[in-house]
Amino acid sequence: MKKTPYYITTAIAYTSGKPHIGNTYEIVLTDAIARFKRNQGYDVRFQTGTDEHGQKIEEKAKAAGVTPKQFVDGVAGQIRNIWDLMNISYDKFIRTTDADHERQVQKIFQKLYEQGDIYKGTYEGMYCTPCEAFWTPSQLKDGKCPDCGREVKPAKEEAYFFRMSKYADRLLQYYEEHPEFIAPLSRKNEMVNNFLKPGLQDLCVSRTSFTWGIPVDFDPKHVVYVWLDALTNYITGLGYDADGNSDALFKKYWPADVHVIGKDIIRFHTIYWPIFLMALGLPLPKHVFGHPWLLMDGGKMSKSRGNVIYADELVSIFGVDAVRYFVLGDMPYDNDGNITWELITERINSDLANTYGNLVSRTAAMSLKYFDGEISDKKAAEPIDTEVRTMAQNLYEKVAAKMDEYKISDALDEIFVFLRRCNKYIDETAPWVLARDEAKRDRLATVLYNLSESIVIATSLLQPFLPDTAEKVFAQFNTPQRAYSELNKFGLLKNGTKVSPTETHLFARQNYKDVEAKYEALHANSEKTEKAPQKAAAPAHEKPAYPAEISIDDFAKVKMQIAKVIACEKVEKSDKLLKSTVQIGDETRTVVSGIAKYYSPEEMVGKKVVMITNLKPAKLRGILSEGMILCAEDDEGNLSLLSPEKDMPDGSGIF
């Protein structure tokens, strides 16, 4: 049967430096989706690559004493090595310095110029080199770049412009007719209200103040500006030809099923890119998914802030699949995720070592001990088996529904809810007790069969997220990965299948102090550490980095109230988190706080605390947290709740 084509891409990584784990998250996320679609039977084309032109790179190359091409060759190689380290199953790695890409960009530019969509003019405004963006004075924020907060410089130069306004109404109509085009929905609302409705300005698409770019072949003093160059990679990588002689790959896979990108570049992919495609007479991609950021200790990762973590560092301490699991499992659909060394350690121990690894280890060990490794269903079923078998049969449908919505973390949650149920099934059936009674030997075999079959089903669904681990489990249970079309059936594991013994656990439990020591040793021995601020990413306690001055208007946006804790409990499988139920006037809310080391649930009940009540709700460990309880922190990392000096009614405002 002919497979349905499915084309998925990441944004191409900018070759200004080594990507940190926040950048790497996107490629792992896209890889998980691509692998899942392959397992569903789609003919997947997965493209990634590097964006290699621009003034920023020209300046970095000059500072390094090399040519721009030498500079991007080195960084592109580094990026590709990290993608390969993370076990990314891409089909095409495109570079915007590839000769075929550069030639097509020139042809696209000329075609758009000849049909009147591009015209020559002069640009005068404020320019941000790191963002490669021009801004008008009214767009600046406190006189600085509204995107990155860095300094901008006045710039005036001759340039070519694209007539964006010509296509604005058509794009708005497309949004209305294709409500699924942008995900999450909040990103679409931002584009409509902040950019399209106020009116689109024509876009600068060439530069003359630097030379590291693709020359406009009919006006060589101009180079094609970054977004027209970079965005077209999605079609040039398929063999698109502006003259109408496109390759079979382009005809097969375009339009893209989904572009997976960071929320910071959603404007370029949902306004500029669709308009370029309309001008070229090409269909638009079916979906653009703007994922949130992975933050370090609540702040955006930045070398200048010294809070950067790299994927290869994490892998050297935790392993590839553990890192893949963490970034996929702890990143919400719409809100930013958070990464700390302590959180990674906790997540690996609770989910991978305890829930999944322990289930596999216990099931295999009991099969080896009681039946010499042989798995057979002796049909000695009891009513207690029904729930596990039904959950197993329904698991694929639940996971697939979440994956279709790009809710990757929720898809993983569904699998681990089932794995925890399987562990509970072991406790309920007590195989070690059954083994003492020869009359219950068939029942024991059936229980172990049910567990083994459940592991195969769950591992088949975990394969896109943990590919190496899945391979080990299938090898240990001497069975192939289950086809997704058969995951709604229970009992396909062949009787007589033999479990193989293994000397190692799938995931070793991590000790946080050992993680600290490994990190320190890694940096002590590494010649790649650039400078001292990098140490700030270490798992040891650091003083918080405070933002720059804010205005009274900024402060007024934060709503703080007195809240009374009326109930509190520890979050399951977490040593750090408490779930508090708080009363705020007539309203009751749930808040998750990382204070379990300093306060017991019993101590919390009855306390009146200061709370931020207009934070966007965030999902933590599967619990929706609807605010933030405020604490003070000393130099040693000790916490103290903030409470009113006098007894105040809950709901009282803080001014």
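Predicted model: local features only at pLDDT ≥ 70, side-chain atom pairs only at ≥ 80, totals over all residues.
Two packed helices are described by the angle between their axes and the distance between the axes. For helix H14 (residues 385-404) and helix H15 (residues 408-429), the angle is about 170° and the axes lie 8 Å apart. Angles over 145 degrees count as roughly antiparallel, and H14 and H15 are therefore roughly antiparallel to each other. On the H14 side, the contact is formed by Asp385, Glu387, Val388, Met391, Ala392, Leu395, Lys398, Val399, Lys402 and Met403. These residues meet Ile408, Asp410, Ala411, Glu414, Ile415, Val417, Phe418, Arg421, Cys422 and Tyr425 of H15. By class, the residues of this contact divide into 13 nonpolar and seven charged, with no polar ones.

The second pair consists of helix H17 (residues 441-462) and helix H18 (residues 467-476), which pack at about 155° with 9 Å between their axes. By the same cut-off of 145 degrees, H17 and H18 are therefore also roughly antiparallel to each other. Their crossing is left-handed. H17 contributes Ile455, Val456, Thr459 and Ser460 to the contact, and H18 contributes Ala470, Val473 and Phe474. Five of the residues in the contact of H17 with H18 are nonpolar and two are polar, while none is charged.

Helix H12 (residues 320-329) is described here by its burial. A residue counts as buried under 20% relative accessible area. In H12 this applies to 10 of the 10 residues, so the helix is largely enclosed by the rest of the structure. Among the buried residues are Asp321 and Arg324, along with Val320, Tyr325, Phe326 and Gly329.

Next comes a sheet. Strands of a sheet pair through backbone hydrogen bonds, either parallel or antiparallel. Here four strands form an open sheet in the order S6-S5-S7-S9, with antiparallel pairing. Strand S6 (133-135) and strand S9 (203-204) are the edge strands, each pairing on one side only. Strand S5 (residues 118-128) pairs with S6 in the antiparallel sense over three bridges. Tyr127 stands opposite Phe134 of S6.

The last stop is Ser580, which is located in strand S19 (residues 578-584). Is Ser580 buried or exposed? Its relative accessibility is 0%, so Ser580 counts as buried. Leaving aside residues up to four places away in sequence, Ser580 touches Val565, Ala567, Cys568, Arg589, Thr590, Val591, Met604 and Ile629.

Technical notes: Residues numbered from 1 in each chain as written. Heavy atoms only, no water. Axes fitted to C-alpha atoms, helices over the stretch in contact; angles between N-to-C directions. Helix = DSSP H or I, 4+ residues; strand = E, 2+ residues; numbered from the N terminus. Parallel < 35°, antiparallel > 145°, perpendicular 65-115°, else oblique. Left-handed = near helix turned anticlockwise from the far one by under 90°. Contact = heavy atoms within 4.5 Å. Nonpolar A, V, L, I, M, F, W, Y, C, P; charged D, E, K, R; others polar. Buried < 20%, exposed > 50% of the residue type's maximum accessible area, 1.4 Å probe, protein only. Pairing = 2+ DSSP bridges.
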